Every structure is written in C-alpha cells, then in structure tokens.
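Hello,

Here is the structure for you to look over. My notes follow below.

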Amino acid sequence: MTKKKTKTTPTQRDGDMSAKDAGKNISPEEAYSFSPVDRKRAISLIGAAIGLGAISTIISRIVPPPAVPEGDGTIRNLPQLKSGGTEGNSDNLIRMQNELRRAMAKPMESRRWLMVIDTRKCVGCHACTVACMAENRLPPGVVYRPVITDQQGRYPRQITRFFPRPCMQCDNPSCVPVCPVRATWKRPDGVVIVDYDKCIGCRYCLTACPYGARTSDFGSYYTEHTPEIQPYEQQPTNEYNKSWSREDHGSPVGNARKCHFCLHRLEQGLLPQCVSTCIGRANYFGDANDATSLAAEMARSGNQVRLLEEKGTKPSVIYLV
Amino acid sequence: MSLLQEYFNDRNKVVKNLKLIFWTACALSLLIGFYGWFVRIVDGHIKANYGSIVTWGLWVAGYIYFIGLSAGSFLVSSLVYVFNYKKFERIGKLAVFTALVTLLMALLSIWADLGHMGRAWHVIVFPNFKSPMAWMIYLYSLYMLLIAVEIYFLLRYDFATGANNSTFKGKIYKLLSLGSKDSTEESKQRDKKVVKRLATAGIPIAILFHGGVGALFGVVSARPHWHSGLFPILFLLSALVSGGALLTLISSIFQQGWSKNKGVIIELGKMVLALLLLDVLFQVSEFLVAYRGGIPGHTAGFDLVLSGPYAWVFWGWQGLIGTVIPILLLIFPTRKSPLWVALAGLLIAAGIFGLRLNIVIPGLAVEEIHGLTSAIYSHRVDPHYFPSISEWALTMGIVGFGMLLFGLGEYFLPKHEEKT
Ligand code: SF4
Ligand code: SF4
C-alpha cells in the first residue's frame, strides 16, 4: 500500500512542477491555493484519522462487558434469623427491614432512600466504620463512614458529640457533574454510584465533594508488610451486586470509592451494614416516599439538621441533634 | 570577572561545555525517570504520597505547569504569525516547537496521575460536557492537533528542500516532510498563509483551554482556596509569564542563540517583566480579598501558603527566586545584557513551578470537615503531603524527555535564515 503511494505521488508531482517550470504564468490565486495532491493527502489523512476513531469507538462499544460472576460465592446468601420475631414493629430494626422489603417491591423510581442519624444516641464506638470496612473489604485509606468527633467548649464547660459521616447521597451532588467520563451518577432511588469499570481515577470527584465522602483506592493492604497478605483482604468485594477482584491493580484499585448505602445488601432485603451494626441504634434507614416508614417519621423531627447546607448539595442524610 | 569574560569569549569552548552539561543532565534525568516510571507501572500508586485529602500532588502541579508553558509560548508565537510582530520573528518556529514539546510533557505528567492509565481513552469516548475537565481535554486535543499541523506547515519548506541531501539529516527531513517535495517559492507563500490561519484559530483555543484548566480548579466550591473568579485569568497570566520566560532562556541557548538572538532576548525580557508585574498584582488581589474577608475556610489555604510547613516554597522559591530577583534583573541595567535576561527567564520559569505547587497543594491540604482527618488513621487521609521519591523521579523523567526533544530539535530543526 505505502509503496504504491510513494511511487505515484512523486510522478504526479513532477508533472505538476514541470508544467509550472514551463514558464506558465501563475496567478497569485493559483500560487496560494493547494495543489490537488496536497488536497488529496490532507483528505486522506483526515479520513484515516476519522476512520481510526470510528473503528476504536465501535470496538469499545461492541466488545461484551466482562461477565459478572453470580451465585453463592458472590451475592450474599445470608440465613434469616429465626430467634426473634420478624413480624410487626416488635423492634426498630425489624420494622425498618420490613419497610425496606416493602420499598424494594416497588419500582426503583418510586423509592427514595433516606438515612437519619441520631447524634444523641451515637456513643462514638466506630463499630459502623469497621463493619462497613469488613462488608465492602475496604483497603487502608478507604473509609466510607468515619465517625467524626466534634468538641464544643472547654473543659469543664464542654460537650463532645459524635457524628458518623456516610456519603450524603446529595440530591444536587457536586461530585457528579465534574466527572469527565460520566462514571458517577445519581440513581433514581437517590443513591450516587460509581461505575468502577468506567472510572479513570482522575480524583476530580474527591476534590469536588464538600464532605470528603469519597476516597480513592491506592491499592494497598493492611497486612502488606507482614509475612503474608491475609486472604480476607484479597477476597472480591460485592459492591453494586458484582464481584470485584483487586488482583493485578484491577478495579476498584485506582478508582474513586464511596458509600452506596450497601445497595448489594438492599437487593437482598437487608439493611445497610452500618444500620444493622450500630450498638446505639442511632441510625434510621428507609424510603422517604413512604410517609409511614420509621426513617421518614424521624426525618420530620424538629431537631433535624443537614450538613453544610449552604453548599447547595441537598443531602439525603439527616442528623438529629 | 575578566576570567569569566575570557571564558565567554572563547565561544567554541563554551558551546562544547554547555552541550556536555546539557546532555549529561538530560541523560541523568532520563535515568532517574526510568526508575519513576518503572515504579509507577509496576506498583501503581502505592509509592506515591498523595491521597484522598490532598488528591492531587506533584504530577498535577507539573501538568498545569507544563501546559501553561505550552499555552504561553504558543501565544508568543502567535504574535509573530498573526500580528506580524517582526521583532520576534526569529524565534517564531522555536516558540511553536516549545509549545509542542511542553504539551507532550504535560500530557505525560497527567497520564501518570490517572488511577487507570489504560483507560485514558475513556475521556474521548465518554465525555461529560458538564465537567470542565472534559472541556479541557477536548480543547487540548484540538490544540495538539493544531500545533502539530502548524509546525508541519512551518517547517515543510525546509524539510522539502533539505530532503535532497543524502545525509542522515536529509533522510530524517524526507521522513518529516511526509513526502512533500514542493520546494517552490509559491508553496512557501502558501504555507505561510496556512500557518497564519492556523495560528489565528489557535489563539482562542489556547486561551480557552488554559482558562479551562483554571476553571477546572476555580469551579470547585468545596475548596475555597480555588473558588474565585480570578482563577482562570490568573492561570492564563501565569502561563504567559512562564512561557515567555522559558522562551527567553531557550532562545538564548538554542542553536547558539545568545550571539544571534540578542535583540529578541532583550525584547522578550521587557514583555515578561510587564506580564510578571501584572501577575503579581493579581496575586496580591487574591490575598487581599481573602484576608480582608477573613472567612476561616477561605484563609486556611492562604495561611498554609504563607506560614505552613512549605512556606519556603512561597517565600524562597516563588517569591525570592521567581519574582524578586528576576524583577530586579529586568529593571536594573542588567536588562540590557542577554546573559542576565536569560538568567532572569530561567529564574521566572522555575519560580512559576513553585506557584503551581502553591496552587494545587495548599488548596487541597485543608480537611473538608473539621475532624475528618483525625477520624481516619491513614497517611492517605492526611493534609500533610510531600512528594515521594518516585514522584520526583517520574517528574524528572518527564523533564529529561523534554530535554531530549529539545536536544534533538536543536540538531534537526532548520536554523533561522538571515533575511538579506
Ligand atoms: S456527599 Fe459527596 S460523594 Fe456523596 S453525593 Fe454528595 S457530593 Fe457526592
Ligand atoms: S475519579 Fe472516577 S468517578 Fe471520580 S471524577 Fe474521576 S473518573 Fe469520575
């Protein structure tokens, strides 16, 4: 192909030149215009570039996405507890779980997840932080739900409060519009998620979130410098109902990560891990569209505040103070 | 002094020594760079020190620095090709070449910063035009294409004429001319016209994309240090300063420019001085507004700049080396000596890197919510950041790569022919 090209071009060009050399008067217009060869070359170059672009786009679209492993090993298959009653409102957690199952029976658009955290009940034990790390197999530096200690005043006129900080699942999230590749968006049920396969790891969203709710996975392990990296750290995580293995810098390593209200647990009819774990029962979780749900009820309390409301993010997480 | 004079009079010796120093530095940087890139490819981000609070570090600072150099030198070149500013004509080609090399350096730097380098193509295929980052990516892709084409048309004539030589250089020229053999005077005129059009189109693109880089930071309301309307403009201005300063330096050493480009260097020095003073004015305005306003979130970043652990970057690097000394050099009679002006250019260009670091890092090194960094115990969730050895090494490698390109350019690029 290329050989042919180089062979034909010079001859054509020589012809061009000899015509010019023959003393033909060239109008300035002609002199400044492109010769047909130049034009051809330009067109074929541009054409080739467009063609290449088109081909790579098409390939990227038709190549099937990696298979999603399903089954026992990946999706949770937890037994139901038989000891306590699961009927009625015998217990807040049981009630919320029943409400959750009711909400999950509805189409996604008609439910809207809401979390209410009662800071007066939080004892600052960090159990939710740790439970979340175990649930989502979080590596060092990635924390979805730290418990922040807030001290006001000076001893002895002092109060210490704790407020856990999950992702606020903002209705007007700052993290979504900045993502250059549309790898993060708000689902109709209100949860802001990250597509680990698409995210390029530019960390712009980390920068844009005013709550510091996103952390990036840099690929380290807690047991890294010990004789052996423990297998429990290498297990795949089940986030977003898929199985993500961290081997060979695979996603979620290199990605932005954040709290997603344990969507994979919700699918199984389970409350988010932090809500189930909380020893102070400080968390309420439910469907904001269901006015009778416990969470919606708590959200109507007079003592509710949202964090950094002035940023205009419209958080879906409410604090009772 | 006289010894120095004598030394500089022996031109050949100077050239030889300078070249030796240049290539040794280049080789060393590349060598160190290999280590940095090796670590980046094999270990990913583990050995880098940025985290989830200081999300961007040395590589992003390097990126906005190099891309600023590129936009700046491109805009200087447009003075020649669009506004027909004759005084800089000698360095027009050099300026476009500099724009291309520094752009490549910038792209390398930001590429290394991605969590998934293999997914860089996502930015073209899945763009989100609500994100300033996507505008920026599209604009600089366009810009890169444009300068590549412009440089081709700038040099095509020289390549086409040089291609007849059977030397090694001739062969390279033949390759670079992409098969064009048209060495008539008309073709030269036509090329000139094309270049003018491209350069004209390039001005808004260069302004937009570098303003876009500034906007990328400026729109982040979560980081009050950046969230100011001045930001995109400050970016542009610093780009012009650094680009002009770098060109002053390069035009004095590139192809023995110190003897031929005297006039250009001194002219450039004047322009850079004016721009630098304007830049200082803008920066002072940022500080004044922040401190008179006195909102703690807003001043926190500035406090870090002025009195944080890396205040020396501001006072020493950016302030003394990058601003005060060069301003003095450009005001006092030293402004008439190309040697001193070139030195001022070097200092300014180096100083702006300090400025870029001071934009990226203090803006991020403030925890978003008070108590967040003490709630999580990890060096990734920590407002203290200092680039790791491998981060420095990788950036050194990029600098070495740029030096390599400049060195090759010095050898291969056609010299500016004297008009008779
Ligand atoms: S809290 Fe942050 S990460 Fe979560 S939705 Fe809001 S802006 Fe996004
Ligand atoms: S880190 Fe990922 S999700 Fe966040 S902005 Fe970048 S590409 Fe989007």
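B:Arg190 makes a salt bridge to A:Asp38, with 2.4 Å between the closest N and O atoms. A salt bridge here is a side-chain nitrogen of Lys or Arg within 4 Å of a carboxyl oxygen of Asp or Glu. The rule finds 2 salt bridges across the interface of chain A and chain B.

Some ground rules. This is a predicted model, where local features need pLDDT of at least 70, side-chain atom pairs count only at pLDDT 80 or more, and totals for chains, interfaces and linings use all residues. Residues are numbered from 1 along each chain as its sequence is written, chains are lettered from A and ligands numbered from 1 in the order in which they are written, and side-chain values use heavy atoms, with hydrogens and water left out.

**Interface**

Across the interface of chain A and chain B there are 25 residue pairs in polar contact, both residues at pLDDT 80 or more. A polar contact is a pair of N or O atoms within 3.5 Å; within protein, one must be able to donate a hydrogen and the other to accept it, and residues adjacent in sequence count only if both atoms are side-chain atoms. On the side of chain A that touches chain B, helix 3 of chain A gives the largest share, 5 residues. Helices are DSSP runs of H or I, at least four residues, and strands are runs of E, at least two, numbered from the N terminus. By class, that side of chain A has 31 nonpolar, 16 polar and 13 charged residues. Nonpolar means Ala, Val, Leu, Ile, Met, Phe, Trp, Tyr, Cys and Pro; charged means Asp, Glu, Lys and Arg; the others, Gly among them, are polar.

Chain A puts 60 residues into the contact and chain B 57 residues (heavy atoms within 4.5 Å). The buried area is about 4,700 Å², with 60% from carbon and sulfur atoms. That is the accessible area (1.4 Å probe) that two parts lose on being put together, summed over both.

**Ligands**

Ligand 1 has 13 residues around it (a heavy atom within 4 Å). A:Cys167, A:Met168, A:Cys170, A:Cys175 and A:Cys209 come nearest. The shell divides into 9 nonpolar, 2 polar and 2 charged residues.

Among the residues surrounding ligand 2 are A:Cys179, A:Cys199, A:Cys202 and A:Cys205. Its shell has 8 nonpolar, 1 polar and 2 charged residues.

**Sheet**

In chain A, 4 strands form an open, mixed sheet in the order 8-1-10-9. Strands pair if DSSP finds at least two bridges between them. Strand 9 and strand 10 (residues 317-320) of chain A pair antiparallel over 2 bridges.

Best wishes
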